[in-house]
Amino acid sequence: MVNGQVILKTGRDKNVRAHHPWVFSGAVQHVKGKPQSGETVEVRAANGDLLGLGAWSPASQIQVRLWTFADARIDRDFFVERIRQALAYRQQLGIPQRNSGYRLLNAESDGLPGVVVDVFGDWLVMQALTAGAEYWKHTIAAALLEVMPAQGVYERSDVDVRKKEGLETTVGSLKGAMPPAQIDIEEENRHYRVDVLHGHKTGFYLDQRDNRSVLQHHAADKTVLNCFSYTGGFAIAALQGGAEQAINIDASQPALDIAAQTAALNGFVPERMENICGDVFKLLRDYRNEGRQFDIVVLDPPKFAENRNQLEKAARGYKDINLLGFKLLKPGGLLFTFSCSGLMESSLFQKIVADAAVDAGCDARILRKLDQATDHPTRLAFPEGYYLKGLVCQK
Ligand code: SAH
């Protein structure tokens, strides 16, 4: 059912005609009807052309997110079809065949703004990030179980971005059975333990899968310092690739406890993985002062920039850890360095890493550029969907 019409200002229809799915409040001329938060509205150009249908979000600066650029019905069948398309794309890439943990729905880039769904074994974990996602989440959960042979759908909408939509944070079972406290998944030839109830985001950083595989190929007989390790995703990949030892550093003891369990799950003796709870910024300095050196250093920090005002501070943070990272590398060693801040452009990130190398006194080179995994695609019309970039640099 359509509950209103949003008429755009003259000349402000260009982005939507190019299939960018967001309508900012400044582009809206007027609203016909009385749509409630999350309800479906028509989006029309000033001349009356129908541009598509979207979810109304009065509290947000992004007042409409478009579900479709066609004249379609937004209902359960619509969601079933989008989910089928998303699954087919991933099956075509062989992702569900090789991984029991993967991203099924990547929001805007899978045609479902605000809807994130990750698969962990027999369970689906959903984030409803927007008013539209919130309005439809029970329908989407039912549609998911129609398409996927899963035991249940669990919601992890404990994310601050919901406040911008006028929504409270919330967690809990949406449909089917409650997931267990821990789910063990397979990723390529690696095993991981995931805490979908309390872990970060939906429980695991699936976006780094392809990059973990790259590290695995470089890791034979190496020593690896895995900074911002979370549950040791990169460390397990390194050990599977034959690394001598991997050291995880993270501020979260529960994450490191899972890392230790994950090492056992993969059959590694405890000596091959050291888990250190602490502040990466401080420990890297301590290691530098002690003159410690590693074959491989991984730097995968949290988002340093949440908005444009934080970009400069973020740049200083990246520079600091990358400089220390280079210093801790043996000659010929590899730095796997990442930024998951969408606002930090690839070119700027590369420049910061280059500056860090100069200040560390090394003439490093890029061996490879890295990205978010292929189950986290970016719609060309929606460049905001691209956020994770990385460099493999050789000292
Ligand atoms: N590399 C991980 C994901 C890292 S997410 C993976 O592949 O799974 C970022 C991590 O950094 C989180 O686990 C968070 O607990 C940790 N963290 C944030 N600030 C930190 C700090 N100053 N020192 C150590 N860990 C930190």
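The following legends describe close-up views of a predicted model.

Local features require pLDDT of at least 70 and side-chain atom pairs pLDDT 80 or more, whereas totals for chains, interfaces and linings use all residues. Residues are numbered from 1 along each chain as its sequence is written, and side-chain values use heavy atoms, with hydrogens and water left out.

**View 1. The domains of the protein chain.** An automatic or database domain assignment gives domain 1 (2–68), domain 2 (76–180) and domain 3 (205–394). The C-alpha centres of domain 1 and domain 2 are 24 Å apart. In their contact (heavy atoms within 4.5 Å), 15 residues come from domain 1 and 17 residues from domain 2.

**View 2. The area buried between domain 1 and domain 2.** Buried area is the accessible area (1.4 Å probe) that two parts lose on being put together, summed over both. Here it is about 1,100 Å², with 60% given by carbon and sulfur atoms. In domain 1, Gly38, Arg65 and Trp67 lose the most area to domain 2, together 50% of what that side buries.

**View 3. Salt bridges between domain 1 and domain 2.** Two salt bridges (a side-chain nitrogen of Lys or Arg within 4 Å of a carboxyl oxygen of Asp or Glu) are counted between these domains. Arg65 forms a salt bridge with Glu108, and their closest N and O atoms are 3.8 Å apart.

**View 4. The surroundings of Gln253.** Gln253 belongs to helix α7 (residues 253–265), a helix being a DSSP run (H or I) of at least four residues, numbered from the N terminus. The C-alpha atoms of Gln253 and Cys277 are separated by 5.9 Å, although these residues are 24 residues apart along the chain.

Notes:
Helices (H or I, at least four residues) and strands (E, at least two) are DSSP runs, numbered from the N terminus.
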